[in-house]
Amino acid sequence: MMIDEVTNSITIIDYEYASYNAVAFDIANHFCEMAADYHTETPFILDFSKYPGDEPSDIEVKQLLQDVEKYTLASHLVWGLWGIISEHVNEIDFDYMEYARQRFQQYWLRKPELLEMELHI
């Protein structure tokens, strides 16, 4: 994150995977990453209880949160596929397939709820 100290505006950046995405996708991906703790002996185990998601009071923020929630599905698909590919191309000691399994599991778990949310908006 970059903070402009004059205007107090915040810019979210990610040099590691720099590209333009929908704002809601980037925030969804950031929230999903909060489930990871890469400084443990099992960095591939995700704890989705750490995923944030308080209900905002401002209508614009609430709409953004709903968009973010929908993009969570895209984040799970992208990173699940990344895990499968990485299992075959990386030599880092990381259980990529377990990571991918958890991301796909969350995709299938959340998909009905999030698509139902879409129908009621």
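Leaving aside neighbours within four places in sequence, with which residues is phenylalanine 94 in contact?

**Figure 1. Contacts of phenylalanine 94 in the predicted model.** Once neighbours within four places in sequence are set aside, phenylalanine 94 is in contact (heavy atoms within 4.5 Å) with Tyr38, Pro43, Phe44, Glu87 and Tyr99. The structure is a predicted model, in which local features need pLDDT of at least 70 and side-chain atom pairs count only at pLDDT 80 or more, while totals for chains, interfaces and linings use all residues. Residues are numbered from 1 along each chain as its sequence is written, and side-chain values use heavy atoms, with hydrogens and water left out.

**Figure 2. Overview of the protein.** The protein has 3 helices and 2 strands, arranged from the N terminus as β-β-α-α-α. Helices (H or I, at least four residues) and strands (E, at least two) are DSSP runs, numbered from the N terminus. The protein comprises 121 residues, of which 31% count as buried; buried means under 20% relative accessible area, exposed over 50%, and partly exposed in between (1.4 Å probe, protein chains only). Of the contacts between residues at least 6 apart in sequence, 57% join residues at least 24 apart.

**Figure 3. Aromatic pairs.** The whole structure contains 9 aromatic pairs. Rings of Phe, Tyr and Trp (its six-membered ring) pair if their centres lie within 6.5 Å; planes under 30 degrees apart count as stacked, over 60 as edge-to-face and the rest as tilted. Phenylalanine 44 and phenylalanine 94 form an edge-to-face pair, 6.1 Å centre to centre with 90 degrees between the planes. Phenylalanine 44 lies in the loop between helix 1 and helix 2 (59–89) and phenylalanine 94 in the loop between helix 2 and helix 3 (96–120), so this pair ties together parts that are 50 residues apart in sequence. Both phenylalanine 44 and phenylalanine 94 are buried. Tryptophan 82 and tyrosine 96 form another edge-to-face pair, with 5.5 Å from centre to centre and 75 degrees between the planes. Because tryptophan 82 lies in helix 2 and tyrosine 96 in helix 3, the pair ties together parts that are 14 residues apart in sequence. Tryptophan 82 is partly exposed, at 27% relative accessible area, whereas tyrosine 96 is buried, at 4%. Ring pairs join Phe44, Trp79, Trp82, Phe94, Tyr96 and Tyr99 into a cluster.

**Figure 4. Nonpolar cores.** A nonpolar core is a set of buried Ala, Val, Leu, Ile, Met, Phe, Trp, Tyr and Cys residues joined through side-chain atoms within 4.5 Å. The largest one has 9 residues, namely Ala35, Ala36, Phe44, Leu46, Phe48, Trp79, Phe94, Tyr96 and Tyr99. Another core, of 8 residues, lies apart from it and includes Ile27, Phe31, Leu65 and Val68.

Figure 5. The structure holds 5 salt bridges, each a side-chain nitrogen of Lys or Arg within 4 Å of a carboxyl oxygen of Asp or Glu. One of them joins the side chains of glutamate 33 and arginine 103 (3.9 Å, N to O). Glutamate 33 lies in helix 1 and arginine 103 in helix 3, so the pair ties together parts that are 70 residues apart in sequence. Arginine 103 is buried, with a relative accessible area of 0%, while glutamate 33 is partly exposed, at 25%. Arginine 110 forms a salt bridge with glutamate 69, with the closest N and O atoms 2.7 Å apart. This pair links distant parts of the chain, arginine 110 being in helix 3 and glutamate 69 in helix 2, 41 residues apart. A network of salt bridges links Glu69, Arg110 and Glu113.

Figure 6. Asparagine 29 belongs to helix 1 (residues 23–33) and is buried, with a relative accessible area of 13%. Beyond its neighbours within four places in sequence, asparagine 29 is in contact with Ser75, Trp79 and Arg103. Asparagine 8 is found in the loop between strand 1 (2–3) and strand 2 (10–11) and is exposed, at 59% relative accessible area.
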